[in-house]
Amino acid sequence: MESTVQVYRIPLLEDDNSQENTKEYTVCFFCSYLAYSSITKNLVSYLKEVLHETNVVAARNVSTWQVTCYLTPLVGAFLADSYLGKYWTSLIFCTIFIIGMVMLILSAALPLISTSSHVWLAWTDTVSSQHIIVFVGLYMVAIGYGGQNPCLTSFGADQFDHTDEEERNRRSTFFNWRYFILNAASLVSGTIIVWVQDHEGWLLGFTIPALFVALGGATLLLGSTLYRIQKPRGSPVARVCQVLVAAARNFNKDLPSDCSLLYELPEQGSSIRGTRKLDHTTGLEFFDKAAIVTSSDCESAGLLNTWRICTVTQVEEFKILIRMLPIWATMIFFTTVLEQMFSTFIEQGMVMDKHIGSFEIPAASFQSVDVLAVLILVPVYETILVPVLRKFTGTANGITPLQRMGISLAFSTLSMISAAFVESYRLQIAHAEGSIHSKVTVPMSIMWQGPQYFLIGAGEVFSIGLNEFFYEESPDAMKSMCLAFSFANNAVGNYLNSLIISLVPLFTANGGSPGWIPDNLNEGHLDQFYWMMAGLSFFNLLAFIFCAMRYKSNKAS
């Protein structure tokens, strides 16, 4: 593996097994996500019950914090690809994560400490101090977890040598089992950790996740002598800007008819240290102008100014990013559909019969069906579907990442159709019961929601192809940055969902009509909202298929 070292510069052995190298950082995956999700799932409760914030203020603070969690991966990925490397960036941000958790523990302990007779607290305003400590801790967690996430994922995928066909095929398995681990951590945090926070107190509820983060960081550090570590290759942002500037300088120049006349280093290696050369591809010809060799360039001695002329590899690196954008954009709506689990699905469940026998299931807890679907279907996909599909397609991983993403969009469309049918039936029962103008539950079991949650979970299993696609297709020197952008897909999908939810009342609640999503869903037409989402999902699927068919891959030589 080119430009690869191990910590302490121990040389890679010929019989190194990438599968053995993955054990330590898979523990880190589990521990980090368990701590992060234990905060995410119950943060509103902490802000309302402990800090006594109103519903509006708590919701706004949670939303702002989550936006930070979505944006910090870009910072961590930039540092990893440019200067620090993925391993050291992961360790640094993991340390920040741990410090943030310690701050949250201190915030939970502060009210207990303030009741004692410590002199140093005599002049301290406990309430304001607790607010400061909580938000400093929360944003350190956002920086730590967010900055670590793309680096750790890319670092894990780096353990599989791209020059070895068997290891390259196992990389797809790595992405599948990573998602399995994250959902297992989510299940533990959403049940055990949240129960501890609600029943045993927040001091213990923050201490347990903090110990898990420390365990994950320690495990990652202990396995340091086993890892394959890619060296940082310089700023990808600078290289992108250089292509834009050089192409703009040469906008009035004509491209040579022979692409071999475009500038490229004569050596076997790339101008970007530790990366492979990229062959020239047709399309997006304007950016090829950045590699036009002028007479003044020929007269220059030594290295050429990279802001005036770029290599073909550098131009192709930029063109890869442009070509991946439509794929990224058409996957945003999958996240928008996914967000229904945390909003309209719960609202729908709250007006259904939540009793199963003598037990009452909270509407929000039914999200566990999605988690269980992922935990069941990932092993099924790996052990059954991949071998079967391999026989028909001849592809080592059964199907390509693009095909996986297309299937995920199809499942998200089916989930919206299922939710629409369920809501239509629920409204029919509400009409028959005379409950239209009453904000009451309808005698229809919440179990009817099972299929829509399961279909979303099935879609998630196939949507793993998005991360795999961005890692496989991204240039060698931009693996972490591209993965960070694939994670940012969640943020944009979240914003799009908020925009749609905000616009629906403006267009449907008029002329005395309560709209599709009123406070009393028995008066509304949530089914029509789901049908609209199903239609948008279907057209988005068609757009994805169009973009996927036109996508042009450029593998490194």
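Here is a walk through this structure, from the overall picture down to a few single residues.

Keep in mind from the start that this is a predicted model. The mean pLDDT of the protein chain is 83, with 88% of the residues at 70 or more.

Now for the overall build. The protein chain has 557 residues, and 53% of them count as buried. Its secondary structure comes to 19 helices and 6 strands. If you take the contacts with a separation of 6 or more, 83% of them are between residues 24 or more positions apart.

Let's turn to how two of the helices meet. Two packed helices are described by the angle between their axes and the distance between the axes. For α8, which spans residues 236-249, and α11, the angle is about 100 degrees and the axes are 9 Å apart. An angle of 65 to 115 degrees counts as roughly perpendicular, so that is the label for α8 and α11. On the α8 side, the contact is made by Arg239, Val240, Gln242, Val243 and Leu244. Facing them from α11 are Gln314, Val315, Glu317, Phe318 and Leu321.

Hold on to Phe318, since it leads us to the aromatic residues. The whole structure has 30 aromatic pairs. One of them joins Phe318 to Phe287, with 4.8 Å centre to centre and 65 degrees between the planes, which makes it edge-to-face. Phe287 belongs to helix α9 (residues 285-288) and Phe318 to helix α11 (residues 312-330), so this pair ties together parts that are 31 residues apart in sequence. Both Phe287 and Phe318 are buried.

Another pair is formed by Phe469 and Phe470. Their ring centres are 5.7 Å apart and their planes stand at 80 degrees, so this pair is edge-to-face too. What about their exposure? Phe469 has a relative accessible area of 2%, so it counts as buried, and Phe470 is buried as well at 4%.

There is also an aromatic cluster to look for, made up of Phe29, Phe160, Phe174, Phe175 and Tyr471. Two of its rings have a charged partner over them. Arg178 lies over the face of Phe29, 5.7 Å from the ring centre. Over the ring of Tyr471 you will find the charged end of Lys479, at 4.7 Å from the centre.

From here, a handful of single residues are worth a stop. Take Met444, which sits in strand β6 (residues 442-445). With 2% relative accessibility, Met444 is buried. Which residues does Met444 touch, leaving out those up to four places away in sequence? They are Met352, Asp353, Val422, Tyr425, Arg426 and Ile429. Lys354 is 90 residues away from Met444 along the chain, yet their C-alpha atoms are separated by 8.6 Å.

Although Leu284 is not a glycine, it has a positive phi of about 50 degrees. You can find Leu284 in the loop between α8 and α9. Its relative accessibility is 30%, so Leu284 counts as partly exposed.

Next comes Pro362, in the loop between β5 (359-360) and α14 (368-393). Pro362 is partly exposed, with a relative accessible area of 46%. Pro362 and Gly349 are 13 residues apart in sequence, with 8.4 Å from C-alpha to C-alpha.

Last stop: Phe546, in helix α19 (residues 526-550). Is Phe546 buried or exposed? At 52% relative accessibility, Phe546 counts as exposed, because the cut-off for that label is over 50%. Phe546 and Pro326 lie 220 residues apart in sequence, but 9.7 Å apart in space from C-alpha to C-alpha.

Conventions: Residues are numbered from 1 along each chain as its sequence is written. This is a predicted model: local features need pLDDT of at least 70, side-chain atom pairs count only at pLDDT 80 or more; totals for chains, interfaces and linings use all residues. Side-chain values use heavy atoms; hydrogens and water are left out. pLDDT is the predictor's confidence in each residue, from 0 to 100. Rings of Phe, Tyr and Trp (its six-membered ring) pair if their centres lie within 6.5 Å; planes under 30 degrees apart count as stacked, over 60 as edge-to-face and the rest as tilted. Helices (H or I, at least four residues) and strands (E, at least two) are DSSP runs, numbered from the N terminus. Buried means under 20% relative accessible area, exposed over 50%, partly exposed in between (1.4 Å probe, protein chains only). A charge sits over a ring if NZ of Lys or CZ of Arg is within 6 Å of the ring centre and within 35 degrees of the ring normal. Axes are lines fitted to C-alpha atoms, for helices over the stretch in contact, and angles run from 0 to 180 degrees between N-to-C directions. Angles under 35 degrees count as roughly parallel, over 145 as roughly antiparallel, 65 to 115 as roughly perpendicular and the rest as oblique. Contact means heavy atoms within 4.5 Å.
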